[in-house]
Amino acid sequence: MQKHTDTVFSEKSLGQARDVRMLRRLYPFIHPYRLLLLVTVLLMICITAFELAIPYVTKIAIDNYIVPGHRQEDRQTEQAERYLKVDLSDPDVRDIVSAYPEKFRVSADTAKIGYKPLSELPPDTIARLRRPDMTGVSYAAVALLVIIFLNFAVNFIQVMMMEYIGQQVMHDLRMKLFSHIQTLCVRFFTHNPVGRLVTRVTNDIQNMHEMLTSVIIFVMKDIFLLAGITIVLFSIDWQLSLAAYVLFPFVFYVAAKFAGAAREAFRTLRIKIAEINSHFSETIGGMSVIQLFRQESANFDTFKRLNHEYFSAGMQQITVFAIFMPFIELVSSVVLAVVIFYGGGSLMAERITLGTLVVFISYLRMFFRPIRDIAEKYNITLNALSSAERIFLILGENDRLPEPASKERFNMPEKITSITLDHVTFSYVAEEPVLKDISLDIRGGETIAVVGPTGAGKTSLINLITRFYDPDEGAIRINGTDIRQFSISDVRSKIALVMQDPFLFSASIRENIFPDRPDIGEKEIESILENANCRQFINRLPHGIDTRLSEGGISLSSGQRQLISIARALAHDPELIIFDEATSYIDSETEQEIQTALMNLMQSRTAIIIAHRLSTARIADRIIVINHGRIIEAGTHDALIRQNGFYHRLYQLQG
Ligand code: M5T
Ligand code: MG
């Protein structure tokens, strides 16, 4: 049941290599916000600095105040014995030093005491001696608090700004996409299912938003952080750093391998979910057919298979991640063990300070966090890149009918005096013409009926006159001018089309009939409803003309929809009426109502009526019979009956 139309937007193209360079096309959308973006990058550098500062302040607190005293220049003279240095300018300290003269070695204005003799002093004496260290530790604690608070504040501002930019860019992109889609021609929409286009405007844009706000900027942050940590670590102690970094080439190798596997798993997953989506929407669209032909269980089996494939693909993806994440966890533990082993040794040999060891451990913990996050970000990036590609494919799509340049454009005549089809040939698919060499002259005010078997090309003929398509050969002229020389909108302003299967918007009936005339008077409304034979059934609706129609107007019968569509045409007050009669069954009473409404609509206007009921055809001045895309007979009803040809046979069949 899977139908993969090979349009540019089919999900098949999902797995192909994504090119990050494509993001350049996003640049025009980011451009207006570049200054803000620059500020967020600067803020992010601040945040990185703050984050790097936190362990460093801890190191200072440990080395200078908590476990001080083993500074190198001192250690050389004191043979690695650790001691506390106190300042004799403090009278309190002087008292203690004089109370325990045997424990202190006094020089000019300082005194030193070894850690061992120090520990033998009473606790409150130690506290008095170490008061300056306490002060230092409090300063460090305050500094930490300030940094953490600033970090919080800057983080908040940065996130808000980034979100603002992201939302704005996506907002602009959505506008652009929407207005672009509106300009594309009907042919584009017959090739691209609604669901897919809706996904573009919603999901795909959301994916890109996620990447913009949570990947690009954070990847930058991660890079700053990794670089910052590396620089700080190597400048503190390059030997210990080398020991810690010895495993990194291996980590990067594994990360690259992982990226490959993740991409593959992601690709399968996307294809499977696309298949499920399309199967599901097809099921919902064709529910009545499925139920009528009792295809539920077969249809369910198809779904079951797809769902199982999706499940397997999902598990495969999970497996890839489930291996990668713990692997990184493992490596980070090994690196930590190396640092504790080597760093612990160096500490005991008094080559490094306790603060250095602590700062190494904190920085390495910080170091592995972004690497672990890469997995998640990679997924978002893949998603966003394929979304971006599809969005830009639509934006690059230029399937629209040519409009004349404003200089060469002809002004639409006030009054239509003739419509001419001049040897018109047309095909939807190359080499398969549905209209062949059609020539027809319609005078202003004339009513033409077009009849013919289903698939003859009647609706297609209308698609050309309304310029949904252009003919391959020949031309259509209004008052002798090729309609391609008018602006499309001018041509359409003269035409009202009542479609075979009229589309009504999910708005009130009033909004459907008078979309561009909000200030229309009640009197005129009444007369239009009266003329379109709508009044009776509209009055029976719960809120009358203000009743809201559900999506697509399905709460009305097809006959009622045609009546509303006729009222819409009347309100539009066009020069040319095109009426494509409903093929579906309509009871004779409604048929009568539609016909009188149609008569009212046609009054003193040019009309082309596609008639499936010959009773409708009879009201025309002239009947054109089309078969297999060619005009085979033409004339009045009586003349065609007398001719005893195709029309006569149709007439007999319909009784
Ligand atoms: C004529 C094909 C259709 C048929 C032929 C509208 C449309 C039609 N076709 C397309 O390929 N794409 C299209 O978008 O053209 O079709 P028609 O003009 O719709 O026939 P009709 O209006 O005379 O038929 P009916 O059933 O409305 O009386 O081969 O496949
Ligand atoms: Mg048709």
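The paragraphs below go through a predicted model, from its sheets to a helix, a metal site and the cysteines.

Residues are numbered from 1 along each chain as its sequence is written, and chains are lettered from A and ligands numbered from 1 in the order in which they are written. In this predicted model, local features need pLDDT of at least 70, side-chain atom pairs count only at pLDDT 80 or more, and totals for chains, interfaces and linings use all residues, while side-chain values use heavy atoms, with hydrogens and water left out.

Strands here are DSSP runs of E with at least two residues, helices are runs of H or I with at least four, and both are numbered from the N terminus. Two strands count as paired if DSSP finds at least two bridges between them.

Buried means under 20% relative accessible area, exposed means over 50%, and partly exposed lies in between, with a 1.4 Å probe and protein chains only. In a regular strand the side chains alternate between the two faces of the sheet. In β11 both faces are covered: T606, I608 and I610 are buried on one side, and A607 and I609 on the other. Strand β10 (residues 576-580) runs parallel to β11 and is joined to it by 5 bridges. Along this pairing, L576 has T606 as its bridge partner, and I578 has I608. Strand β6 (residues 447-451) also pairs with β11 in the parallel sense, over 4 bridges, and there V450 is the bridge partner of I610.

A second open sheet has 3 strands in the order β1-β3-β2, with antiparallel pairing. Its edges are β1 (83-87) and β2 (104-106), each with a single partner strand, so one side of each lacks a neighbour in the sheet. The twist in this sheet averages 25 degrees from one strand to the next. Strands β1 and β3 (residues 110-114) run antiparallel and are joined by 5 bridges; K85 stands opposite K112 in β3.

Antiparallel pairing also links β4, β7 and β8. Strand β4 (residues 418-427) pairs with β7 (residues 473-478) over 5 bridges in the antiparallel sense, with L421 standing opposite I476. On β7, I478 has T481 in β8 as its bridge partner, and β7 and β8 (residues 481-482) pair over 2 bridges, again antiparallel. The two strands form a hairpin with 2 residues between them, and N479 in the turn has a positive phi of about 50 degrees.

Helix α9 (residues 194-236) has 43 residues and reaches 61 Å from its first C-alpha to its last, close to the 63 Å expected at 1.5 Å a residue. That expected span is 1.5 Å times one less than the number of residues. The helix bends by about 40 degrees at R200, the bend being the angle between axes fitted to the seven residues ending there and the seven starting there.

Which protein atoms hold the magnesium ion (ligand 2) as donors? They are T459 (OG1) and Q500 (OE1), at 1.9 to 2.6 Å from the ion. Donors are N, O and S atoms within 2.8 Å of the metal (3.2 Å for Na, K and Ca), and sites may look incomplete because water is not among the atoms. T459 is partly exposed, at 33% relative accessible area, as is Q500, at 26%. Helix α15 is mostly covered, with 7 of its 8 residues buried: K458, S460, L461, I462, N463, L464 and I465. After α15 comes R467, whose phi is positive, near 60 degrees.

The model has 0 disulfides, a disulfide being a pair of cysteine sulfur atoms within 2.5 Å. C46 is partly exposed at 35% relative accessibility, whereas C534 is buried at 0%.

Technical notes:
Axes are lines fitted to C-alpha atoms, for helices over the stretch in contact, and angles run from 0 to 180 degrees between N-to-C directions.
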